[in-house]
Amino acid sequence: MVIATLTLLLIPLATAEFSQISATSDITGKVVRPGDTVEFTTTLQKFYNTTKSVSVKLFIDKKPDDWLAGFYADNNQVSQVTFPAGSTDSKQVVLRVRVPANTSDGSYLIRIGLQPFGEDVTNYELIYRDFAAIVDRNAMPNLDIYSGIPGRKTHPGIPARFSVTVENKYDSRATVKLSVLSKPDGWGVDMLSSDGARITKMSIPAKSKQDFEVVAQPPTNPTDGDYEVLVGASMDSSSQVISLPLSVTINPELDPTQALSAYLEMRSAIAGLEVRPENTAEFAVSLKNRYDQQLKLNLKALDKPQGWNVEFLSDTDDDVRLTMLELPAKGEQKFKVKIKPSLNASDGIYPVLVGAVSGDDRSVSQRLEVTVNKGLEKSQILSLYPSYNDVTLNPGGSTEIRVTLRNGGDEALSNVQLEIQEVSGISTEIRSFGTIEKLEAGESRNIPVEITARADAGSGIKEIFMRAKSGDIQGEEKSIKVNVEKSGSSGVAGIGMVVLAIIALVFIIRKFGRR
């Protein structure tokens, strides 16, 4: 098998000369495993400058049954290549061949045909090129691609997500190209990193694995059935492609309550509040659309205690009530949810399920909890809720959190302030208009606070204490833990500065010390 492969690789450049076009292929034989995809590159070039355009028609003359083959230029499938008038540039055409998984070992012939046409072409003789795919299921791939779940069901218009792993078996770091080899017409396919960014390449350490995500986006009107998305991976310097077929089954009969969660994220930083029965609990909720499709959604209370009232309000204007949202592609929308208990509600914890519902009754939801406490004490009337209980910063770094101030009493509060205790090495800045002149009963306000670890902050956990105050009413004290971590690079930089300072000192002493 090795001798046959070397023989094929040592064949002189295959060249065809017809009229104004030449076609050359450096490699005409490759070893491939069953189920993989193999590529052969052919370079087309005009012999000389001509005032007329020249085209070359490409076609598959011969291949094994059930094998898939096609021509690609710049990752787009083509059936012909055209050289404009006056052009002398060469063009590369890639023959991409998919080997079925059940193929037996052996050497298989793929023959392509090339036919020139154009005003200046007088010789219409067909030219053929032969390529050999040597199938060897025992060949050891140094690169592998696979998915633990290569098949999923979804609704029309709802993306299917696949976790895919690429394994580098080389003894050195490898740069791997990722590509979409084929997909159904009208579908979108994205390859995403762990942070959701679109990617085309990955750098994988030696003998390591790396995951990425494939998101297959079907159109809104496909017929029921199974569809295949073929993704591939190859070394950055090689045209040998290993492929992974992913299966998507369109099934509108799926449980609609779990379908919209593929599109949306609905969350509230504070999901539980305590109020007296005559007051209102106010929650800040956000909807985030993660895909390239605009959504029109109805806001509803999916489940609530009998006699309770739930309202959806604008994030910026309490006088604007919401029943519907138009969420743009890749957009986020914030709003308020106000929950008013019934006056006869007894003490206890009450769950309220709010949701965003599409026109076909698919929904995504958020569970909120309201604790009714008739004996709410004065110190609990004015309360605050930080959006995070702990943060991690490098020296010189900063982050912004939100602190929610809430009036849980039955009367309005005036001159409400947020007080923050100073901590060594940590700076805080309240990024708002300062004092809240009036905070109505049951009303909440979100205040942004920037936390900064100063450059001289030592490593370790520091605790920031804060509380809300209105006249003689003081809320309970809350704290945020700030973990200051010095990165390895900053440590190395510090050592480097010390070394440079010592070298400079020695130089000065030697040069000026005896004068």
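Biologist: How many helices and strands does the protein chain have?
Modeller: The protein chain has two helices and 39 strands. Keep in mind that this is a predicted model.

Biologist: What share of the residues in the protein chain is buried?
Modeller: Of the 515 residues, 42% are buried. The accessible surface comes to about 27000 Å², and carbon and sulfur atoms hold 48% of that area.

Biologist: What share of the contacts with a separation of 6 or more joins residues 24 or more positions apart?
Modeller: Such residues account for 71% of those contacts in the protein chain.

Biologist: How should I read a sheet, and in which order do the strands of the open sheet of four strands stand?
Modeller: Strands of a sheet pair through backbone hydrogen bonds, either parallel or antiparallel. In this open sheet the order is β30-β32-β36-β34, and the pairing is antiparallel. β30 (382–386) and β34 (426–430) each have a single partner strand, so they stand at the edges and one side of each lacks a neighbour in the sheet. On average, with direction ignored, neighbouring strands of this sheet are turned by 30 degrees against each other.

Biologist: How many bridges join β32 to β36?
Modeller: Nine bridges join β32, residues 398–407, to β36, residues 444–453, and the two strands run antiparallel. To find the pairing on screen, look for R406, which stands opposite S444 in β36.

Biologist: Which strands pair with β23?
Modeller: Among them are β21 and β27. Strand β21 (residues 264–267) pairs with β23 in the antiparallel sense over four bridges, and M266 stands opposite L287 in β23. Eight bridges join β23 to β27, again antiparallel, with A281 opposite I339 in β27.

Biologist: Is strand β23 mostly covered or mostly uncovered?
Modeller: In a regular strand the side chains alternate between the two faces of the sheet. Strand β23 (residues 281–289) is mostly covered, with seven of its nine residues buried.

Biologist: Is D390 buried or exposed?
Modeller: D390 has a relative accessible area of 51%; the cut-off for exposed is over 50%, so D390 is exposed. D390 belongs to strand β31 (residues 390–393).

Biologist: Which residues does D390 contact, leaving aside its neighbours within four places in sequence?
Modeller: D390 is in contact with I480 and K481. I480 is 90 residues from D390 along the chain, yet their C-alpha atoms are separated by 5.3 Å.

Biologist: How do I read aromatic pairs, and how many are counted here?
Modeller: A pair of aromatic rings is described by the distance of the centres and the angle of the planes. The count here is six aromatic pairs. In one of them, W187 and Y227, the centres lie 5.1 Å apart and the planes meet at 40 degrees, so the pair is tilted. W187 is in the loop between β15 (174–182) and β16 (188–192), while Y227 is in strand β19 (residues 225–235), 40 residues apart. W187 is buried, at 5% relative accessibility.

Biologist: What are the distance and angle for F312 and F335?
Modeller: Their centres are 6.2 Å apart and their planes are at 55 degrees, a tilted pair. F312 lies in strand β25 (residues 309–314) and F335 in strand β27 (residues 332–340), so the pair ties together parts 23 residues apart in sequence. Both F312 and F335 are buried.

Biologist: Which ring does K30 lie over, and which ring does the charged end of K91 sit over?
Modeller: K30 lies over the face of F40, at 5.7 Å from the ring centre. The charged end of K91 sits over the ring of F83, 5.3 Å from its centre.

Terms used:
Residues are numbered from 1 along each chain as its sequence is written. This is a predicted model: local features need pLDDT of at least 70, side-chain atom pairs count only at pLDDT 80 or more; totals for chains, interfaces and linings use all residues. Side-chain values use heavy atoms; hydrogens and water are left out. Buried means under 20% relative accessible area, exposed over 50%, partly exposed in between (1.4 Å probe, protein chains only). Contact means heavy atoms within 4.5 Å. Accessible areas come from the Shrake-Rupley method with a 1.4 Å probe; for residues, only the protein chains shown count as cover. Two strands pair if DSSP finds at least two bridges between them. Axes are lines fitted to C-alpha atoms, for helices over the stretch in contact, and angles run from 0 to 180 degrees between N-to-C directions. Rings of Phe, Tyr and Trp (its six-membered ring) pair if their centres lie within 6.5 Å; planes under 30 degrees apart count as stacked, over 60 as edge-to-face and the rest as tilted. A charge sits over a ring if NZ of Lys or CZ of Arg is within 6 Å of the ring centre and within 35 degrees of the ring normal.
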